[in-house]
Amino acid sequence: MNVRLYTIPGSHPGEAVQLMLRHKGIPFKRTDLFPAISRVIVRSLRFPGPTVPALKIDGERIQGSREISRELDRLQPKPPFFPADPDKRAAVEEAERFGDEDLQHPIRQILWWAFQKDSSPLRSYSEGAKLGIPIGIAVRTAAPIIALEKRINAASDENVRADLAALGSLLQRVDDLIAAGTLNGEELNAADFQIAPSLSLAMTLQDLRPLIDARPAGQLVKRVQPQIAGDFPPILPPAWLQPLRDAVATS
Ligand SMILES: N[C@@H](CCC(=O)N[C@@H](CS)C(=O)NCC(=O)O)C(=O)O
């Protein structure tokens, strides 16, 4: 199998696909793209949409972390990404959908908002990336890309404040899925690989790390993906964090 993954450094669904490929033992090559510019390149590679992760398998194009998990499972059924039992499978599929549609985006918005306030941590997020130019130059010239990403992702003050207020219930949902055995069970599944990188990316923010680390969601991260590149010193306004802190304190 000739497999190439197109991704962006620090992309959580991109990380999810790398975890999935490794779990299946499928060797792959990776092309790292600049955020925003990635949209043009992915389109020029004739993928149907503009986002990463995008995967070419023997010339075939598959895009989107959930489409990719299914295609990898079809091509290489072992170890399986979904339980054989239909009810358990439905629960994993719903958890994977939740990870993709509900959890991914607020984390993306919070990060791009933070980079717009302070771009210096960007270097730590690019560790290990091969962008084709020295990381220092990439980081120094990132301002227009950050501004564009803030717009693309609607990472406004208002939205990020709302994201933080809602994050407590998203974390509770992850803990509940773990308690139900849908996540972090004996066999890791597609939802574990979808959700752990979003939590791991959130934990690169020092503001959020201690609020996730000690709970079951933090255990999932430790098991599935102990580390994702990046470290962001405190940046989020304390007043915006307070509802999350209150939710964590009462959970
Ligand atoms: N829900 C999609 C998310 C795809 C997505 O939005 N990817 C982001 C990176 S995390 C992207 O390509 N953004 C383009 C950009 O940053 O300009 C999936 O899981 O595949």
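User: Which residue forms a salt bridge with R97, and how far apart are the closest N and O atoms?

Analyst: A salt bridge here is a side-chain nitrogen of Lys or Arg within 4 Å of a carboxyl oxygen of Asp or Glu. In this case R97 pairs with D102, and their closest N and O atoms are 3.3 Å apart. Before we go on, note that this is a predicted model: local features need pLDDT of at least 70, side-chain atom pairs count only at pLDDT 80 or more, and totals for chains, interfaces and linings use all residues. Residues are numbered from 1 along each chain as its sequence is written, and side-chain values use heavy atoms, with hydrogens and water left out.

User: Which residues are joined with R97 and D102 into one network?

Analyst: Salt bridges can share partners, and here they tie R66, E94, R97, D100, E101, D102 and R173 into one network. As for D102, it counts as partly exposed because its relative accessibility is 29%; the scale runs from buried (under 20% relative accessible area) through partly exposed to exposed (over 50%), with a 1.4 Å probe and protein chains only.

User: How many salt bridges does the whole structure hold?

Analyst: A search of the whole structure gives 15. Helices (H or I, at least four residues) and strands (E, at least two) are DSSP runs, numbered from the N terminus.

User: What other salt bridge does E93 form?

Analyst: E93 also pairs with R70, where the closest N and O atoms are 3.9 Å apart. That pair links distant parts of the chain, from E93 in helix α4 (residues 86-117) to R70 in helix α3 (residues 65-75), 23 residues apart. E93 is partly exposed, since its relative accessibility is 30%. R70 is classed as partly exposed because it has 30% relative accessibility, and R89 is partly exposed at 30%.

User: Let's move to the ligand. How many residues surround the ligand, and which are the closest?

Analyst: A residue is near a molecule if one of its heavy atoms lies within 4 Å of it. By that reading 15 residues surround the ligand, the closest being V52, S65, D100, Q104 and E149. For polar contacts, look for a pair of N or O atoms within 3.5 Å; within protein, one must be able to donate a hydrogen and the other to accept it, and residues adjacent in sequence count only if both atoms are side-chain atoms. A backbone N or O atom of V52 is 2.8 Å from a ligand nitrogen. R39 places a polar side-chain atom 3.0 Å from an oxygen atom of the ligand, and a polar backbone atom of A36 is 3.0 Å from a ligand oxygen. Taken alone the ligand exposes 510 Å², of which the protein buries 87%.

User: Now the backbone. Where is the cis peptide bond that involves V52?

Analyst: Omega is the angle to read. The bond from V52 to P53 is cis, with omega near 5°, and P53 lies in the loop between α2 and β3 (54-57). K78 and P79 are also joined by a cis peptide bond, with omega about -10°; P79 is in the loop between α3 and α4.

User: What is the phi of A36?

Analyst: The phi of A36 is positive, about 70°, although A36 is not a glycine. A36 belongs to the loop between β2 (29-32) and α2, and counts as buried because its relative accessibility is 9%. A154, another non-glycine residue, has a positive phi near 50°. A154 lies in the loop between α7 and α8 (157-179) and is partly exposed at 38%.

User: Finally, which residues form a nonpolar patch on the surface?

Analyst: Patches are made of residues with over 30% relative accessible area and no salt bridge, joining like charges within 9 Å and nonpolar side chains (Val, Leu, Ile, Met, Phe, Trp, Tyr) within 5 Å. I37, V40 and I41 make up this one, with about 240 Å² of accessible area together. Such areas come from the Shrake-Rupley method with a 1.4 Å probe, and for residues only the protein chains shown count as cover. I37 is in helix α2 (residues 37-44) and is partly exposed, with a relative accessible area of 40%.
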